[in-house]
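Thank you all for coming; today I would like to walk slowly through one chain with you. Please have a look at the picture first, and then we will take a few of its parts in turn.

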Amino acid sequence: NVQRRRRAVCCVDSSTDTSDPQHHPSPHKHPTTMLSKPGEARSKATPTQRRRKVVEENLDDVVRRLQRLPHNKACADCQSKLTQCVNLNHGTFICMACSGVHREFNHKIKGIGHSSFTPEEIAKLRHPDSGNEAVNARYLANYNAQRERMRPPQNNNDLQLLRGWIQRKYIDKAWCDSKEDPGGGGGKLPTSSSSKAKSTPKTDSGRRKIMPPV
């Protein structure tokens, strides 16, 4: 009986041998810590960067929503059906061909989906005076097809026609209903004569001359 007990103990010891490659401790009893890959910790965005990214994505979503409005789906200057850019000087949605002409007149252009927009630019686009319908109503208020020899472009195939139309419409303001241009035509605002400071008479030495009392 004693020998049988010794044999049973030996069998149990051999079955729990830790040198066996198939024997592994339970993961619940000994949890292992996974190490991050080199450079992974540095690639994680900080909370400030994440908030900034969310704001930028929200601003881009606003531009896309404005782009999908019925009056902004067609180019403000040539009626092409694909508006890919924004004219920030006037707050209009335009096609790629017209955006190149506007750049020739130093108008600020940004591509939709390729550029990031600031809160000030979004406020400009959401202003009641912006949008293709509002801008065309203002800049084409006095346009008369019977009197004018120039016809509005119906597509962007003729670049020379686009250039002449955009110049007459925005730079010359040939048909604008008011002399005031809320969107700006690329020119400088006139300086008022009353805003010029009156200079004080000076002597030859550069010192201010004290005028005697009258």
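Predicted model: local features only at pLDDT ≥ 70, side-chain atom pairs only at ≥ 80, totals over all residues.

Let us start with helix H6, residues 132-139, and ask which of its residues are buried. They are Asn132, Val135, Asn136, Arg138 and Tyr139, and because they cover an arc of only 165° around the axis, they lie on the same side of H6. On the other side of this helix, Glu133 and Ala137 are exposed. As for what covers the buried residues of H6, the cover includes strand S2, residues 92-94, and helix H7.

That brings us to H7 itself, residues 159-171, whose axis comes within 10 Å of the axis of H4, residues 96-104, and crosses it at roughly 55°; the two helices are therefore oblique to each other. The contact is made on the H4 side by Ala97, Cys98, Val101, His102 and Glu104, and on the H7 side by Leu159, Leu162, Arg163, Ile166 and Tyr170.

Finally, in the segment after H7 we find Lys173, which has a positive phi of about 50° although it is not a glycine, and which counts as partly exposed at 28% relative accessibility.

Note on methods: Residues numbered from 1 in each chain as written. Heavy atoms only, no water. Axes fitted to C-alpha atoms, helices over the stretch in contact; angles between N-to-C directions. Helix = DSSP H or I, 4+ residues; strand = E, 2+ residues; numbered from the N terminus. Parallel < 35°, antiparallel > 145°, perpendicular 65-115°, else oblique. Contact = heavy atoms within 4.5 Å. Buried < 20%, exposed > 50% of the residue type's maximum accessible area, 1.4 Å probe, protein only. Arc of directions from axis to C-beta.
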